Amino acid sequence: MSKPVTVKFSKPSYEALRLRARKANRKLAEYIRESALNGEVVSGHNAETVAIAKNLIGMANNLNQLTKLSHQRGFHETHVYVVDLLRRLKAILGEYRQASYKPKPSSMGRKEDTT
């Protein structure tokens, strides 16, 4: 016994799936079914990236709450908190950029123009 399932894809994802199904010489439904049952889901995020994302989400929530509070009480009472959050956000983004920066190897041992 089979059960019908409806799945929605964006136009680019749908076209990519159709192309892959055609290359595999399968109908789209067959390709999706086989991919789902025989495929493995692999996370592309390491623990450090997940921790940074959680910190950013938490800070964004705090900033939203402080914005609401500033509308209720006045901006000057919450200014110090907002500035501190922005400073922490800048530090986290700086750490994230440093962690994700990977220098490109220069071709043929020559220096590349960085301007």
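Visitor: What is a salt bridge?
Guide: Two kinds of atom are involved: a side-chain nitrogen of Lys or Arg, and a carboxyl oxygen of Asp or Glu. To count as a salt bridge, they must lie within 4 Å.

Visitor: How many salt bridges are there by this rule?
Guide: This is a predicted model, where local features need pLDDT of at least 70, side-chain atom pairs count only at pLDDT 80 or more, and totals for chains, interfaces and linings use all residues. Residues are numbered from 1 along each chain as its sequence is written, and side-chain values use heavy atoms, without hydrogens and water. By the rule, the count of salt bridges is five.

Visitor: How far apart are the closest N and O atoms of Arg87 and Asp84?
Guide: Arg87 and Asp84 both lie in helix H4, residues 75-100. Helices are DSSP runs (H or I, at least four residues), numbered from the N terminus. The two residues are three apart, about one turn of the helix. They form a salt bridge, and the closest N and O atoms are apart by 2.5 Å.

Visitor: Is Arg87 buried or exposed?
Guide: Buried means under 20% relative accessible area, exposed over 50%, and partly exposed in between (1.4 Å probe, protein chains only). Arg87 has a relative accessible area of 52%, so Arg87 is exposed.

Visitor: Which residues do salt bridges that share partners join into one network?
Guide: Asp84 also forms a salt bridge with Arg88, at 3.9 Å between the closest N and O atoms. Salt bridges that share partners join one network: Lys11, Glu15 and Arg18.
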